[in-house]
Amino acid sequence: MIQTNRLHPAAIAVWWLDDARRFLLALLAVVIARGGNALVVVSAAVVLLTLFEILRYLRFTYRIEGNTLIVEGGLLNRFRRSLPFARIQSVDVVQKLRHRLFGVVELRIETAGGSSTEAPLVALTQEEAESLRPVLLGEDAATPAGPPMPALVMLTPGDLIVAALTGGRVAVVAVIFGYAQEVLGDELLESLARRAEDALRSALLVTVLAILGVVALVLTASVIATTLVYWNFTVRRQGARLIVERGLLERRRATVPLRRVQAVQVRENPLRRIFGKAALTSVTAGYSPSNEEREETSMLLPIGSRDQALWLAGLALDLPAPPDRPLQRAPRAAFLRRLVEALVLVAPLVAIALVLLGIRGLWSLVLLLPPAGIAWFSYRALGFRLDSDYLAVQSGILNRRTTIIPRTNVQHLALSRGPVQRAFDLASLRIGVPKARPYAHDLARSTAEATMTELYGTS
Amino acid sequence: MEDPKNHLSRSVVNLWLVAGGLVALIATAVLVVAIVVFELPLWVPLAGATLAFALAIVVPPLRYRRWRYEIRSDDLYFSRGALWLVRTLVPFDRIQYVETRQGPLDRSFGLHQLVVYTGAGRAGTIPGLESDEAQKLRDELSRVAGAVSL
């Protein structure tokens, strides 16, 4: 039976508000320019827009024919889109402020390779959306959805504030401050405070206050942004799907089929590492929202302990156990390789300094320190593990990332050995996974080759 | 791990020589312009051009010697690189599709390139294949490809 459906009539209002926003500036310009006549122009525009949206609503239909969703509509340019269920990657339920006014939701359907939402059903009742979603995702409607599962993750406002105060931008500021304190020393800071007492209007104080002001602003902005985006963040598992809900003004509910999750990344910035906190994001195939939204939509855990992140990683990747076994350190040779490359980089500068300044040119050896430090810390950040079910790869001096890939999701492998790596019997592995290019840097050559043979049987 | 068995077509060396020569020529031209503009001493472009042409002559035979590929029982295995050695392994059941390409230089030497894609994107390109060999590889890989789709 083919049944043609209309949206909820609230769609008229939702579209109206959406379009009115676009004309707002033009209307304001008219009001300012025309003065007295403005009222006439504005009411005419309102009436026209309302009529337009009503017609649009009457023309817009959707129906399910076999295994395809067909959406038709359009006033002048009629369109007809058919979306085979097999091509549908995810179905998100979005509730913006304007939807809340009418108690409806928007259903967003993403398809493989599609850059934008192909057929937004802008206004449906909650029940319609709930019954449509499993059908579109090609799940058996006969199997009951079961009772609502307990939340796997549920963030409190307190968690959100911690997340905001340790987020990306804040971490950068904190690192700079920590560094400044190291360099300046406590006494200097104290004397600054003492001097501030008698020189209230000194330029120094103004600068300090300005910096503090900037910091306060960054913190406030971060808290507000994080709260808006991740308010009431919950993750549930329902059958073979993860359901992620979040948002204060704009409530979003994303459904992530587990089979689409190719890998996960545990992300730890320096500030979060101090407190043992981490975030978890998913790497999914096909689903490609805009760049700035990618991190938000792929977020599985905005903040939590590393253990919690790994536990959730196990669930998201459908592994029999959480991927929490300790990682193997990179061999010492990895540090030597990095050191040698740093030396090669700086050596010409030292040579030039020696030629130009004679013996005093030896001071230029100081230049070696920062690259040597980077070599050490980047070596310490490396980690690798080939477990019975998954592959884990870790790197990053400041922002540490641990990518966890189930063995079955590895598409291809490339083993590379540069000139310096060959001297130290090292190799790097590039792991072919959609959307992410994880690298296992500087493994012992034997480890890299064994990984290759073990992952793909034949040697 | 053993190296893969098959070499590329011999004539790919000539192709690389021509391509490298063209790049060296362009580099020399840039250097000549640079000495006119910046009034550098004459030995700069001479040394630069010598280096560029030396590399253009030395690298292709080395690259040829290192470039190997092999279709094994379950995967495509190829290795390459004169300084940076890279070995790539693509299991058959991960191959999404295969294509052959022919650029203008390839055409003048009667050669083809074979590009292999997996679910994670391009897994690699094998250059310098004779028509027959390229076609054979493409058909063979297409036949065994994608037992498991993403």
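Author: Chain A and chain B bury about 2,000 Å² between them, 54% of it on carbon and sulfur atoms. This is a predicted model, in which local features need pLDDT of at least 70 and side-chain atom pairs pLDDT 80 or more, while totals for chains, interfaces and linings use all residues. Residues are numbered from 1 along each chain as its sequence is written, chains are lettered from A and ligands numbered from 1 in the order in which they are written, and side-chain values use heavy atoms, without hydrogens and water.

Reader: What makes that area "buried"?

Author: It is the accessible area (1.4 Å probe) that two parts lose on being put together, summed over both.

Reader: How many residues are in contact?

Author: Contact means heavy atoms within 4.5 Å; by that rule, 26 residues of chain A are in contact with 24 residues of chain B.

Reader: Why is the link between A:E449 and B:R87 called a salt bridge?

Author: The term requires a side-chain nitrogen of Lys or Arg within 4 Å of a carboxyl oxygen of Asp or Glu. Here the N to O distance is 2.9 Å, so the pair qualifies. The count between the two chains is 1 salt bridge.
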